[in-house]
Amino acid sequence: MTETQIPDLSPTTPAPRDVVVPDKPALEGLEAKWAQRWKDDDTYRFDRTQPRENVFSIDTPPPTVSGSLHVGHVFSYTHTDLIARFQRMQGKSVFYPMGWDDNGLPTERRVQNFYGVRCDPSLPYEADFTPPEKPDPKKQVPISRPNFVELCDRLVAEDEKVFEALWRTLGLSVDWNHQYTTVGKKAQTVSQRAFLRNYARGEAYLQEAPTLWDVTFQTAVAQAELEARDYAGAYHRVAFHRPDGGTVEIETTRPELIPSVVALIAHPDDERYQALFGTTVASPVFGVEIPVVPHLAAEMDKGAGIAMCCTFGDLTDVTWWRELQLPVRTVIGRDGRFTRETPEWLSSEPAATQYADLAGKTVFSAREAMVGKLRETGDLVGDPKPTQRMANFYEKGDKPLEIVSTRQWYITNGGRDGELRQEMLDRGAEITWLPEHMKHRYDHWVGGLNGDWLVSRQRFFGIPFPVWYPLDADGEPDYDHPLLPAEAELPIDPSTDAPRGFEEGQRGKPGGFIGDPDVMDTWATSSLTPHIAGQWGTDDDLFDRVFPMDLCTQAHDIIRTWLFSRVVRAHFENHAAPWSHAMLSGFILDPDRKKMSKSKGNVVVPTEILDKFGADAVRWRAALARPGLDSPFDETQMKVGRRLAMKVLNVAKFVLSSVGASEPSPVAISEPVDCALMGRLAEVVLAATESFEAYDYTGALEVSERFFWEFCDDYVELVKERAYAEDGSAATDSAKAALAVALHVQLRLLAPFLPYVTEEVWSWWREGSVHTSEWPKAIELGSAAAADARGLAGMAAALGGIRGAKSKAKVSMRHELTRVHISGPAALVAGAEAAGNDLRRAGKIVGELTFAVDDTLDELKIEAEVAPVQE
């Protein structure tokens with residue numbers, strides 16, 4: 001069969017059916033109608049019988065169900081769906097699951113407020129516990145950890161239903177048979193199995209170390225969760241006392257940490273302090289002997305050029321403490337208050353008496369008290385000088401982080417291992433980044449790591465570490481020899497399960513055991529979303545068909561967390577990058593280009609715009625936001641998308657009902673105008689396909705939409721009189737065939753963007769779903785696809801000129817013209833002349849129609865005489 005003998009439809013395209021067009025097509029109700037039909041028909045079901053090369057798998061970001069969705073989520077998830085729909089129409093079996101992130105502090109806080117409870121791990125489980133009928137957030141009822149977890153599970157299940165309803169309304173082509181959560185038995189098994197393997201290979205370890213600590217949430221915080229913010233403070237110039245009676249003055253914003261100072265540090269080249277290196281000075285108020293030592297990180301031009309090192313005031317203190325092997329003198333506890341017991345190094349008088357005034361105070365109160373003491377002793381030099389300094393905060397917290405010494409679990413990530421860091425950079429180079437410049441953010445983050453990944457959290461709702469510790473004869477835990485389960489025993493909860501060889505009655509008793517009380521960081525479980533969704537370890541056949549995945553999509557601000565953590569886990573477990581492509585979304589900004597946030601009151605609620613404009617209009621606007629670029633949001637833009645969706649209905653009704661053009665037969669297309677349209681459509685199909693293959697969904701929409709409006713405004717208006725004719729001529733058949741082919745192709749081009757309206761129109765005349773039909777190819781257009789499309793420009797320009805002449809004469813578009821002369825560049829005139837008969841019909845030209853080439857003109861010139869207006 002030659003290319004000119006192409007059948008009317010490709011073999012995989014659903015067959016035609018009797019044409020049934022509604023009298024008054026409408027957008028209202030399409031979401032409910034087709035969302036239910038897709039659900040009933042399982043339209044987007046993943047075909048797991050396909051080999052890996054015919055599978056396109058997506059690692060979708062699981063939304064935090066305890067939070068609320070905003071328009072940025074809608075845009076980002078739509079971008080994923082655009083790619084999924086294109087790949088499905090390309091013949092791929094698309095693995096497109098939906099996950100729910102139930103983990104994390106937001107869930108705990110929501111449960112506390114919603115049910116009026118708080119977790120007390122010391123309490124026993126109550127099988128028949130019922131939360132208060134009228135919860136009081138200020139008088140929360142203490143309950144056991146198992147009871148608290150049950151309430152968390154109950155609430156997130158309800159939240160998931162709300163989110164699912166929204167995603168279905170938006171038209172996400174998710175396979176809802178493949179859902180996963182970041183908690184629950186499946187996620188727990190995967191997370192614990194991966195952790196045990198990390199530990200066995202030496203990639204996970206337990207260590208007592210300085211830890212960034214949020215005093216509000218009472219939990220450790222990882223480097224990736226830090227947020228630097230301006231924080232009001234003051235420089236205090238404080239005098240330390242030399243043995244010879246002199247003083248050394250330092251400047252500090254944290255005078256309350258003077259009780260924990262372990263050294264004064266200056267640059268080794270600073271001549272001001274050369275004589276002091278190797279000696280000691282006495283701390284103000286407390287009189288503790290403090291060594292003066294050199295370190296290259298000291299800044300000679302900052303403040304007094306000499307600084308006090310405390311354990312711990314900031315991350316620089318941690319570096320100095322570690323590299324200079326200084327002692328630990330911690331005075332701030334996990335609750336953010338100064339320890340109530342007097343530290344050993346302050347036990348002698350008068351230090352103990354002075355410290356008693358600080359014991360139990362908050363950091364703020366201790367600072368005020370310490371400044372008062374410095375004034376009394378005369379060790380405060382001058383008045384404090386107000387300043388704004390950058391302080392580290394937990395991204396969800398509102399108080400500066402403290403650094404306390406705690407025992408935590410870590411996973412290596414290259415922060416302390418140059419070779420591993422390079423391996424992480426190499427993995428990043430294996431990924432195709434969309435847009436490409438986002439790889440620089442990944443490289444910058446990996447290159448700037450200064451420590452391993454802290455994965456333990458002091459919370460209640462999450463994946464517990466599958467670890468117990470044996471207790472010695474004195475009841476002290478042996479942290480160096482943890483007790484671990486076998487993988488076959490997973491999932492386990494060490495707070496309720498006993499390790500092999502022990503009984504529950506031995507919990508907490510000398511010679512018995514205790515369970516690790518911590519849970520995994522939310523990223524420690526979310527880092528395994530490809531493994532959880534792909535059912536790693538429980539369904540090897542499925543996992544082999546979907547991993548490594550083809551695409552991950554997410555916002556660019558969590559490259560350092562979710563994206564990087566998945567690379568780390570896949571590198572260790574699978575020796576591969578977790579996906580081949582990473583597509584990053586930008587932020588959706590308000591019209592003033594400010595980031596949307598609840599506190600600013602500029603958040604757009606998704607349900608409001610979906611109800612007002614319809615899902616197709618919202619998706620159309622989302623598709624205009626290119627990967628990685630921030631996009632300002634203006635609600636009025638949705639009106640343009642809604643107009644497009646409505647036009648699809650109207651032009652389809654015209655083609656299928658008014659004209660009766662329901663047979664897309666390329667072989668019947670013979671007229672120059674119709675052939676030129678096919679030539680142009682072939683270019684559009686090729687351009688849209690190339691854009692989608694490059695993950696440029698915006699480019700695909702722009703080229704398809706531009707052609708659609710040209711088709712409606714120019715071509716349809718030009719040929720409709722010929723198409724209406726019931727003369728049985730080849731010219732009429734050509735117009736009808738071209739209209740049908742153009743509609744048939746354009747519905748598929750627009751289907752990823754406007755899934756509801758295209759499915760509705762498709763159902764009027766085709767069997768099956770447009771979304772499981774084949775993506776259009778230029779070869780479907782037959783020999784007409786090779787036609788020169790440039791003539792369309794002349795046709796459109798001539799028709800526009802004729803309309804303009806009538807408007808200028810202030811007559812209706814149906815008014816007759818007695819003479820029309822068209823002149824201009826040769827190419828445009830040739831195109832217009834080829835459409836001469838159609839121009840006569842469309843322009844109501846009853847007299848002379850002439851054409852002339854005039855290359856002095858840049859565009860067509862239309863001279864028209866209007867028939868006399870009848871009184």
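Biologist: What makes strand S14, residues 306–310, a strand that is called mostly covered?

Modeller: Four of the five residues of S14 are buried, where buried means under 20% relative accessible area, exposed means over 50% and partly exposed lies in between, with a 1.4 Å probe and protein chains only. This is a predicted model, in which local features need pLDDT of at least 70 and side-chain atom pairs count only at pLDDT 80 or more, while totals for chains, interfaces and linings use all residues. Residues are numbered from 1 along each chain as its sequence is written, and side-chain values use heavy atoms, with hydrogens and water left out.

Biologist: How do you know that S14 and strand S11 (residues 261–266) pair, and in which sense do they run?

Modeller: Two strands pair if DSSP finds at least two bridges between them, and S11 and S14 are joined by five bridges in the antiparallel sense. Within this pair, Ala263 stands opposite Cys309 of S14. The names come from DSSP runs numbered from the N terminus, with helices being H or I runs of at least four residues and strands being E runs of at least two.

Biologist: Which strands form the open sheet, and what is their order?

Modeller: The open sheet has five strands with parallel pairing, in the order S2-S1-S23-S24-S17. Strand S2 (93–95) and strand S17 (432–434) are its edge strands, since each of them pairs on one side only. From one strand to the next, the twist averages 20°. Inside this sheet, strand S23 (residues 549–555) and strand S24 (residues 579–585) run parallel and are joined by six bridges, and Leu551 stands opposite His581 in S24.

Biologist: Is Cys552 buried or exposed, and why?

Modeller: Cys552 has a relative accessible area of 0%, so it is called buried. Cys675 is likewise counted as buried, because its relative accessibility is 15%. As for bonds between cysteines, a disulfide is a pair of cysteine sulfur atoms within 2.5 Å, and a search of the whole structure finds zero of them.

Biologist: Why are helix H22 and helix H23 called roughly perpendicular to each other?

Modeller: The axes of H22 (residues 791–808) and H23 (residues 826–834) come within 7 Å and cross at roughly 75°. An axis is a line fitted to C-alpha atoms, for helices over the stretch in contact, and the angle between N-to-C directions runs from 0 to 180 degrees. Angles under 35 degrees count as roughly parallel, over 145 as roughly antiparallel, 65 to 115 as roughly perpendicular and the rest as oblique, and H22 and H23 are therefore roughly perpendicular.

Biologist: Which residues of H22 and H23 meet, and how are they classed?

Modeller: Gly791, Ala793, Gly794, Met795 and Ala798 of H22 meet Leu828, Gly831 and Ala832 of H23, contact being heavy atoms within 4.5 Å. By class, this contact has five nonpolar, three polar and no charged residues, where Ala, Val, Leu, Ile, Met, Phe, Trp, Tyr, Cys and Pro count as nonpolar, Asp, Glu, Lys and Arg as charged, and the others, Gly among them, as polar.

Biologist: At what angle do helix H9 and helix H10 pack, and what is that arrangement called?

Modeller: H9 (residues 418–429) and H10 (residues 438–447) pack at about 170°, with their axes 10 Å apart, and that angle makes H9 roughly antiparallel to H10. Their contact has five nonpolar, two polar and three charged residues.

Biologist: Where is Met89 found, and is it buried or exposed?

Modeller: Met89 is in helix H2 (residues 71–89), and its relative accessibility is 2%, so it counts as buried. Although Met89 and Ala751 are 662 residues apart in sequence, their C-alpha atoms are 9.5 Å apart in space. Apart from neighbours within four places in sequence, Met89 is in contact with residues including Ala751, Pro752 and Trp775.

Biologist: What is the phi of Gln325, and is this residue buried or exposed?

Modeller: Gln325 has a positive phi of about 55° although it is not a glycine, and its place is in the loop between H6 and H7. Most residues other than glycine have a negative phi, and most peptide bonds are trans. Gln325 has 72% relative accessibility and therefore counts as exposed.

Biologist: What kind of peptide bond joins Glu349 and Pro350?

Modeller: A cis peptide bond joins Glu349 and Pro350, with omega about 5°.
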